[in-house]
Every structure is written in structure tokens, then in C-alpha cells.
Amino acid sequence: VNAGRTVVTNGPLIRPIANDERPGHVFRVPAGEELEVDVAMNLTTRDPLGYLDIVHNGRVAASVRLDEWAKTGHFPPLKIKQSGWFLVRVVTQNTDTYRFASSAPWYVEIGDTPHVSRRSAQFFLDWVNERAGMIKLADPDHQAGVQRHWEMGRQFWQGVLDRATVD
């Protein structure tokens, strides 16, 4: 788990691999070069599947139907030109509940420029600020301790926002 080699699921079981590496791996590429990734997986499900996706930096980079994926067990090659992350996601067509599986991300570092999303950092900073105002405890000493932790969270996410490199 600490290495990020995980999958979350409430239905389909996926065992993905990208360029022979499990989720959590960091691909390092020299500046100016492109990484081509071969994403494959084993898949077991009892539910009909809606779609199989590769999500890259928060956007669907490839979406394939089960019958297309089943021919090879691979997605189309993913070509990455900037630092960031990607993951595999599978969603079923179960109409009673949302059933899915998602891998943890793989990370890509191209050159020395990390992928730090301004939009994502702002989301979490706003979330911390919103939640901090909701906590009211009867014990003033405990309240002060909780507020210190919220302030540490604010400082952390403000620092991430200050270092953002994209969007």
C-alpha cells in the first residue's frame, strides 16, 4: 500500500500493468522526450461493463469497449509528453449501484518539471477552509488543538498551490 500498488473496487477485479510496472511506479523521462506506455490488465467481472478507461492528469485519455479490449487485453498505446499521472478505471453497467474499479496512479516525471495542479490544490485548500469552519467543540482546549491542525492543513495546501505548475 505504501508503494501505491493498489486497486480500489466494489465490483470488477482488475490487475493492471503499464510497461511491466505496477501502479505506484514512477516513470522518469529526460526533458524533451516522450513516454509511450503499454497498459494491459487482467479483468474479472460478473457485471456487464460500461467502459474501460485510461485517465491521464484527470482527463480520459483512452476509452475502449470491452469487446475491443478483450481482443488483446491491452489499451491503445498512451503517449505522454508532460509530467503527471495516469490510472486505469473500469465501470460496470449495473443500474442498481455504481460499481467500478480504479487502479492507483502511475506517475510520470519528464525532465525537472513536476505536475502540480493549481486547480486541485485550490480544491483542497477550499475544502480545508470550508471544513475548518464547521468544527465546533465544547472543550476550548481541544478546539484550539483542532484549529492548529486545520491551520497546518491550510499552510500545506497553500504551499502546494504556490508551487503549482499546471492549470
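The count of salt bridges comes to 10. A salt bridge here is a side-chain nitrogen of Lys or Arg within 4 Å of a carboxyl oxygen of Asp or Glu. The model is predicted: local features need pLDDT of at least 70, side-chain atom pairs count only at pLDDT 80 or more, and totals for chains, interfaces and linings use all residues. Residues are numbered from 1 along each chain as its sequence is written, and side-chain values use heavy atoms, with hydrogens and water left out.

One of the salt bridges joins K81 and E34, with the closest N and O atoms 3.9 Å apart. K81 lies in the loop between β8 (78–80) and β9, and E34 in the loop between β3 (26–29) and β4 (35–37), so the pair ties together parts that are 47 residues apart in sequence. Strands (E, at least two residues) and helices (H or I, at least four) are DSSP runs, numbered from the N terminus. K81 is exposed, at 65% relative accessibility. E34 is partly exposed, at 39%. Buried means under 20% relative accessible area, exposed means over 50%, and partly exposed lies in between (1.4 Å probe, protein chains only).

R89 and D53 also form a salt bridge, at 2.8 Å from N to O. This pair links distant parts of the chain: R89 is in strand β9 and D53 in strand β6 (residues 49–56), 36 residues apart. R89 is partly exposed at 23% relative accessibility, whereas D53 is buried at 2%.

E151 has a relative accessible area of 35%. For R154 the value is 21%. E151 is therefore partly exposed, and R154 is partly exposed too.

The largest pocket holds about 440 Å³ of space. Of its 22 lining residues, W85, H115, V116, S117 and S120 are the closest to the centre. A pocket is an open set of points on a 1 Å grid over the protein atoms alone, where a 1.4 Å probe fits, with protein on both sides within 12 Å along at least five of seven lines; lining residues have an atom within 4 Å of a point. Helix α2 gives the most to the lining, with 4 residues. V116 lies in the loop between β11 and α2. V116 is buried, at 18% relative accessible area.

How values were computed
Points joined across faces, edges and corners; volume = space filled by probe spheres on them.
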